[in-house]
Amino acid sequence: MKYALSQRFFFEAAHTLRRQVDAEPSRRIHGHTYLAEVTLSATPDPESGMVVDLGHLRREIETVRERLDHRFLDEVDGIGPATLENLCTYLWRAFEAIYGTTLAAIEVRREASGDACRLTR
Ligand SMILES: Nc1nc2c(c(=O)[nH]1)N=C([C@H](O)[C@H](O)COP(=O)(O)OP(=O)(O)OP(=O)(O)O)CN2
Ligand SMILES: [Zn+2]
């Protein structure tokens, strides 16, 4: 049996975006509140009873969050155009480097607009 363990975090960030729809407002610097979720999946260690200690995950999230929160995402190395898709990729790389194949999913949402992207294996 596999267990899916997840933790959520918010970050506030600004970006610009080149697109065909609503091109002008999207090209201007504007901000969003993002809600991200990291999901780890494995069989719990029999001794600890944990897939991963949530305290460990919380610390790692804080380090990654620091790179995104209150930032201009256009200037953050490794994102590219700051879409939900690319934010998922950025977070996937960051957490896969820590948790390897235990990483099962990354989700990034903008609750205000109902937009979401989920990346899985
Ligand atoms: N496939 C994607 N499409 C779009 C993304 C994305 O991440 N992936 N992102 C955006 C925007 O960042 C844009 O700011 C949102 O614009 P829009 O959907 O038109 O909605 P609003 O401008 O009304 O957004 P508010 O957050 O309510 O201001 C667009 N497309
Ligand atoms: Zn936007």
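Tutor: Two residues are in contact if their C-beta atoms, placed from the backbone, lie within 7 Å. Keep in mind that this is a predicted model.

Student: What is H30 in contact with, leaving aside its neighbours within four places in sequence?

Tutor: A14 and P25 are its contacts on that count. H30 itself lies in strand β2, which covers residues 30-42.

Student: Which residues does the UniProt annotation "binding site" cover?

Tutor: According to the unreviewed entry, they are H15, H30 and H32. They are spread over 18 residues of sequence, yet they cluster in space, with a largest C-alpha distance of 8.3 Å.

Student: How do you know that H32 belongs to the surroundings of ligand 1?

Tutor: A residue counts as near a molecule if its C-beta atom lies within 6 Å of it. H32 is listed around ligand 1, and others there include R19, D22, E85 and R110. By residue class, the shell holds three nonpolar, four polar and four charged residues.

Student: What makes β4 and β5 a pair of strands?

Tutor: Pairing takes at least two bridges found by DSSP. Strand β4 (residues 103-110) and strand β5 (residues 115-120) are joined by six bridges, so they pair, and they run antiparallel. In this arrangement R109 stands opposite A116 in β5. The hairpin has four residues between the strands, and G114 in that hairpin takes a positive phi near 80°.

Student: How many helices and strands does the protein have, and in what order do the elements run?

Tutor: There are three helices and five strands. Starting at the N terminus, the order is β-α-β-α-β-α-β-β.

Student: How much of the protein counts as buried?

Tutor: Of its 121 residues, 20% do. As for contacts between residues at least 6 apart in sequence, 63% join residues at least 24 apart. The C-alpha trace spans about 55 × 25 × 25 Å along its principal axes.

Methods: Residues are numbered from 1 along each chain as its sequence is written. Chains are lettered from A and ligands numbered from 1 in the order in which they are written. This is a predicted model: local features need pLDDT of at least 70, side-chain atom pairs count only at pLDDT 80 or more; totals for chains, interfaces and linings use all residues. UniProt positions are given in the numbering used here, feature names are shortened, and annotations may be inferred rather than shown by experiment. Helices (H or I, at least four residues) and strands (E, at least two) are DSSP runs, numbered from the N terminus. Ala, Val, Leu, Ile, Met, Phe, Trp, Tyr, Cys and Pro count as nonpolar, Asp, Glu, Lys and Arg as charged, and the others, Gly among them, as polar. A residue is buried if 20 or more other C-beta atoms lie within 10 Å of its own, exposed if 12 or fewer, and partly exposed in between; C-beta atoms are placed from the backbone.
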